[in-house]
Amino acid sequence: VFFLQIVHILNMTSAKIVSFLLHPEESLHSLQNRIEFETGISTGNQELLLETGICLDPRKPASQCVIDGVRGWDSYMVYLFDKSKTVYDGPFASRSLSDCVNYIVQDSKIQLPIPQLRKVWAEAVHYVIGLKEDYSRLFQGQRAAMLSLLRYNANLIKMKNNMVSASQQLKAKLEFFHQSIRLDLERYSDQMAYGISSEKMLKAWKEMEEKASQCAQAEDIGYLDEQIMALHTEIVELQKSPYARRQGEVMESLEQRAIDLYKQLKTRPPDHAYSDSTDMVKIIVQTVQSQDRVLKELFGHLSKLLGCKQKIIDLLPEIEVALNNIKEADNSVMQMQGKRQREIWHLLKIACTQSSSRSLISSSLEGTASTPAATWLPQSSSGNTPLHPLSSLSAPEEGENFADVIQENVNYLELFSSILQEVRQEQNSMMVS
């Protein structure tokens, strides 16, 4: 069973209401096409807000306009805004008078029989109440716009906080990077005279330092921060404005006076007496004038709200770009830091290798110094027993012969040659990287 659902759309650009009977499972896009046909506002420029300031979701059916169990079946109001406009030209013409009410307005002193006057005044009271209700609906539309603005502002604040946090993190990383690379460059210069040097690596480090200085530009978000703070101030002022609050007290007072006047007329006996409509017409005129005034203020305030909202909409992509720039700069700094640290460990590996080779050379020289004549002794074909033993030379300790010592020195020499070759390869690879 499908219950009839009627939605009323208050066009805030014209202050007119258009009503639609919703079809079962009708999409929001379908409803928007019908709205475009009735109002002339294209679907792309339509912004449909509930009283809470929530924008209708295009992924949900049109029945989202109707909230079950809140009010009567035909009292749901959705507020239509034209996104291509930020200045609304109100106030707009008041609702039209009925013929009989217009008759007494044209000539308030005309005498009418009491029974006929009651009917005319009843319509006049209805007209005064209608003027007040028209203002109340438009005020609700303005309030929906304010709530929508505050939702956008909350999103802006969230994005701004993310941007500021990312900027501060980048600033801290840049400070650390600059301090560490300066120290690395100093220590590198100190050891160049007696240690390892690579002009290509030194140039790369200095280029890193320059690139890091360029990354600092992404950290500068002051111009955006100023715009956001100015917008916050503007929004706070709009919230404090008296036009942000209901201004219908005068119309409500006039409404009550019209009702009281009609009640007094009803108590008069329906005799052959006549009376004019001077007092009632005065109330009608004052109500129209009051509505003109408050609507002018309302639409002026509404235009400021929509202007602020458009500024936020324009700012959001700029903040997105700033955030992406900060993230790219952050990644670049971290990659440079990692690359430099890997190069430092590469230098350390080469230094350790050179130190090991020096130790091996030293130990081999000490070993040969204890047996200076050993390297000159001829060997037999077997390589174990000397052909001409010399009694003046001391015998090798623990059964060790001279041939073994010679072979050990040869082995050390081969090992030293291979270590030197490995160091050269390491240095060449570092120069290429």
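Q: Is Ser108 buried or exposed, and what is its relative accessible area?
A: The model discussed here is predicted. Ser108 has a relative accessible area of 18%. A residue counts as buried under 20%, so Ser108 is called buried.

Q: Where does Ser108 lie, and with which residues is Ser108 in contact beyond its neighbours within four places in sequence?
A: Ser108 is found in the loop that runs between helix H2 (99-106) and strand S5 (112-113). Leaving aside those neighbours, Ser108 is in contact with Asp276, Ser277, Thr278 and Val281.

Q: How many aromatic pairs does the structure hold, and why is the pair of Phe81 and Tyr88 called tilted?
A: There are 2 aromatic pairs in the structure. For Phe81 and Tyr88, the ring centres are 6.3 Å apart and the planes stand at 40°. The centres must lie within 6.5 Å, so these rings count as a pair.

Q: Are Phe81 and Tyr88 buried or exposed?
A: Both Phe81 and Tyr88 are buried.

Q: What makes Lys85 a residue that lies over the face of Tyr88?
A: Lys85 is placed at 5.6 Å from the ring centre of Tyr88. The distance limit is 6 Å, and the charge must also be within 35 degrees of the ring normal. Lys85 is listed as lying over the face of Tyr88. Likewise, the charged end of Arg340 sits over the ring of Phe177, at 5.2 Å from its centre.

Q: Why is the link between Glu26 and Arg34 called a salt bridge?
A: The closest N and O atoms of Glu26 and Arg34 are 2.9 Å apart. A salt bridge requires these atoms within 4 Å, so the pair qualifies. The structure holds 14 salt bridges.

Q: How do you know that Glu26 and Arg34 belong to separate classes of accessibility?
A: Glu26 has a relative accessible area of 6%, and Arg34 has one of 22%. The limit for buried is under 20%, while exposed begins over 50%. Therefore Glu26 is buried, whereas Arg34 is partly exposed.

Q: Why do Glu255 and Lys132 count as buried?
A: Glu255 has a relative accessible area of 12%, and Lys132 has 15% relative accessibility. Both values are under 20%, so each residue counts as buried.

Q: What separates Asp134 and Arg137 in helix H3, and which residues form one network with shared partners?
A: Asp134 and Arg137 are 3 residues apart in helix H3, which means a separation of about one helical turn. They form a salt bridge whose closest N and O atoms are 2.9 Å apart. Salt bridges with shared partners join Arg95, Asp134 and Arg137 into one network.

Notes. Residues are numbered from 1 along each chain as its sequence is written. This is a predicted model: local features need pLDDT of at least 70, side-chain atom pairs count only at pLDDT 80 or more; totals for chains, interfaces and linings use all residues. Side-chain values use heavy atoms; hydrogens and water are left out. Rings of Phe, Tyr and Trp (its six-membered ring) pair if their centres lie within 6.5 Å; planes under 30 degrees apart count as stacked, over 60 as edge-to-face and the rest as tilted. Buried means under 20% relative accessible area, exposed over 50%, partly exposed in between (1.4 Å probe, protein chains only). A salt bridge is a side-chain nitrogen of Lys or Arg within 4 Å of a carboxyl oxygen of Asp or Glu. Helices (H or I, at least four residues) and strands (E, at least two) are DSSP runs, numbered from the N terminus. Contact means heavy atoms within 4.5 Å.
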